[in-house]
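The stops below are meant to be selected in the order in which they are described.

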Amino acid sequence: KGDSMADKVFIFDTTLRDGEQVPGAKLARDQKVEIARQLAVLNVDIIEAGFPASSPGDFESVQAVAKTVKGPVITGLARAVKKDIDTLWDAVKVAKRPRIHTFLGTSDIHIQKKFRADREKILQWCVDTVKYARSLCRDVEFSTEDASRTDFEYLCRTVDAIVKAGATTINIPDTVGYATPMEMADRVRRLKEKVPGLDHAILSMHCHDDLGMSTANTLAGILAGARQAEVTVNGIGERAGNASLEEVVLAIKTRKDIFTGLYTDVNTKEIAKTSRMVSKLMGLPIQRNKAIVGSNAFAHSSGIHQDGIIKDRSTYEIIRPEDVGVTAHTFALTARSGRAALKHHISGMGHRLTDAQLAEIYEKFLVLADKKKEVLVEDLEILVQDTLFKVPETYKLINLQILSGTKATPMAALKVQRNNEVIEEAATGNGPIDAAYKCIERIVGANFQLIDFGLNAVTSGKDAIGEARVRIRSNGTIFSGGASSTDIIEAAIKAYLSAINRWVAAEAKTTTGKKGAAKKALPAPIEAP
Ligand code: KIV
Ligand code: ZN
């Protein structure tokens with residue numbers, strides 16, 4: 001650890017806000033709380049839990065996080081309008097350490113094209129907003145949206161004014177992922193020189209990855225004096241995503257020679273688990289070669305590299321996998337492993353389960369162990385996640401029969417349960433999965449646009465578990481689904497049904513949901529008090 005607070009880099013996690021903006025990644029309240037709890041175990045400093053004014057559902061989720069998650073500062077995003085800020089404050093004020101985070105575009109492009117205003121009017125709007133937020137909360141973060149394309153002199157004036165108005169953290173986002181590292185470092189350094197008030201506030205980085213430079217830009221800003229990094233787990237986020245938590249944290253930890261005296265409080269051993277949880281619950285697979293958390297990140301394939309690793313790990317390894325919670329498969333469970341052994345391993349993975357949940361997992365485990373010789377830790381993680389984070393299983397697969405062959409027309413016959421009713425359908429298609437999906441659409445009585453379909457072996461060997469992931473669109477909204485099985489066709493069908501079950505749950509929510517969700521049009525700015 002460093003010697004002073006000035007050396008600490010605060011980790012502001014926005015997985016649940018910027019990350020959740022990824023189409024199809026929307027979380028139910030309990031899922032959000034589960035991820036936020038894990039972020040607290042990971043020991044991030046600030047959790048941005050959502051955008052409460054965007055929907056009544058998100059308001060409830062952010063409030064649930066503020067009520068139940070202990071440790072980090074809890075915040076959410078609000079546009080610079082009174083109604084959004086009041087809604088955000090209502091959601092987070094129960095937290096022990098709440099923060100208001102609000103923003104306004106400051107580049108000429110935003111000022112002229114979005115607001116049809118001028119610089120002076122926007123500057124005053126920023127100041128009034130900060131003053132209003134400070135009247136509610138002592139911890140106020142202000143983001144000058146599109147800061148990297150904002151005129152530098154104007155940015156300095158704006159930052160100076162909002163610091164004087166009482167903002168405690170100033171975030172200068174690279175909203176469109178346009179900056180380069182040297183330019184970013186130069187901006188941060190000059191901004192700190194020109195605005196002495198920044199000595200008493202935290203300067204924050206929030207970089208997007210449109211040109212693949214989000215991590216580099218974040219780190220460049222930190223080297224130049226910024227002390228908060230806004231990041232997401234697995235780098236998920238709007239468009240190409242945000243700077244990834246694991247990359248920023250591990251760069252600071254691994255390159256102590258460059259980031260002299262700097263540290264974060266993140267418990268890196270929790271990174272792999274957090275990454276898997278986010279990927280699973282949001283339905284966003286991680287690319288294999290993703291730094292730190294990709295499945296190949298620590299796999300040495302070249303013979304020369306393997307030889308080096310055997311002689312001395314430091315030859316080709318700069319991060320010890322165990323430091324980020326990646327462990328070798330140190331155990332394998334078989335059909336003969338009892339309930340107690342299963343419980344022991346699951347609690348070792350950090351899950352707390354009720355007896356009923358354990359019983360459900362044990363049943364699934366026995367079925368799997370029958371199909372596979374050995375059940376690995378990754379298999380078990382999937383079973384646990386499937387049990388813990390499920391939406392109501394309105395549609396459930398009871399039986400499937402597939403006819404397929406090089407000459408035969410592929411055909412599927414499915415038996416699906418909907419509540420207490422069992423429905424049977426048969427259809428032909430271009431392939432067995434196409435035929436099965438046609439059956440499902442007939443059973444559900446709705447058509448969906450299949451926008452993404454992927455099959456992946458999550459464990460190795462011929463008896464590996466195949467994981468299917470689908471994303472479907474209905475009326476402009478995207479729903480993700482995933483399922484795993486040693487039978488890939490069964491996995492594909494169950495994945496489709498799980499996306500449809502999410503759609504059913506969302507439909508039920510919109511018809512019973514509260515009225516008065518935030519309107520699209522921007523309400524009037526906050527007037528000077
Ligand atoms: O990218 C961005 O500018 C944002 C801000 C609202 C912080 O997400
Ligand atoms: Zn962003």
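**First stop: ligand 1**

Select Asp18 and ligand 1: a polar side-chain atom of Asp18 lies 3.1 Å from an oxygen atom of ligand 1. Taken alone, ligand 1 exposes 260 Å², and the protein buries 94% of that; such accessible areas come from the Shrake-Rupley method with a 1.4 Å probe, and for residues only the protein chains shown count as cover.

A word on conventions belongs here. This is a predicted model, in which local features need pLDDT of at least 70 and side-chain atom pairs count only at pLDDT 80 or more, whereas totals for chains, interfaces and linings use all residues. Residues are numbered from 1 along each chain as its sequence is written, chains are lettered from A and ligands numbered from 1 in the order in which they are written, and side-chain values use heavy atoms, with hydrogens and water left out.

A polar side-chain atom of His206 lies 3.1 Å from an oxygen atom of ligand 1, and for His208 the corresponding distance to an oxygen atom of ligand 1 is 3.0 Å. Then display the residues around ligand 1, which include Arg17, Leu77, His101, Phe103, Ser143, Glu145 and Asn171; a residue is near a molecule if one of its heavy atoms lies within 4 Å of it. Strand E4 (98-105) and strand E5 (140-145) each supply at least two residues of this shell. Helices (H or I, at least four residues) and strands (E, at least two) are DSSP runs, numbered from the N terminus.

**Second stop: the zinc ion**

Which residues coordinate the zinc ion (ligand 2)? Asp18 (OD), His206 (NE2) and His208 (NE2) do so, at 2.0 to 2.1 Å. Donors are N, O and S atoms within 2.8 Å of the metal (3.2 Å for Na, K and Ca), and water is not among the atoms, so sites may look incomplete. Along the sequence, the donor residues are spaced D-x187-H-x1-H. Asp18 lies in the loop between strand E1 (10-13) and helix H1 (29-42), and His206 in strand E7 (residues 202-206), so the pair ties together parts that are 188 residues apart in sequence.

Buried means under 20% relative accessible area, exposed over 50%, and partly exposed in between (1.4 Å probe, protein chains only). His208 itself is found in the loop between E7 and helix H8.

Select E7, a mostly covered strand with four of its five residues buried. On one side, strand E6 (residues 169-171) pairs with E7 in the parallel sense over three bridges; two strands pair if DSSP finds at least two bridges between them. Here Asn171 has Ser204 in E7 as its bridge partner. The chain crosses from E6 through helix H7 (residues 181-194) to E7, and this β-α-β crossover is right-handed. The term applies if, with the strands pointing away from the viewer, the path from the first strand over the helix to the second runs clockwise.

Strand E8 (residues 228-231) is joined to E7 by three bridges and runs parallel to it. The bridge partner of His206 in E8 is Glu230. E7, helix H8 (residues 214-223) and E8 make a right-handed β-α-β unit.

Six of its six residues are buried, so E5 is largely enclosed by the rest of the structure. Val140, Phe142 and Thr144 point one way from E5, while Glu141, Ser143 and Glu145 point the other way.

E4 and E5 run parallel and are joined by six bridges; Gly105 has Glu145 as its bridge partner in E5. E5 and E6 also run parallel, with three bridges, and there Ser143 is partnered with Asn171. The chain passes from E5 through helix H6 (residues 152-164) to E6 in a right-handed β-α-β crossover.

Finish by displaying the side chains of Ser143 and Asn171, which make a polar contact (2.9 Å). A polar contact is a pair of N or O atoms within 3.5 Å; within protein, one must be able to donate a hydrogen and the other to accept it, and residues adjacent in sequence count only if both atoms are side-chain atoms.
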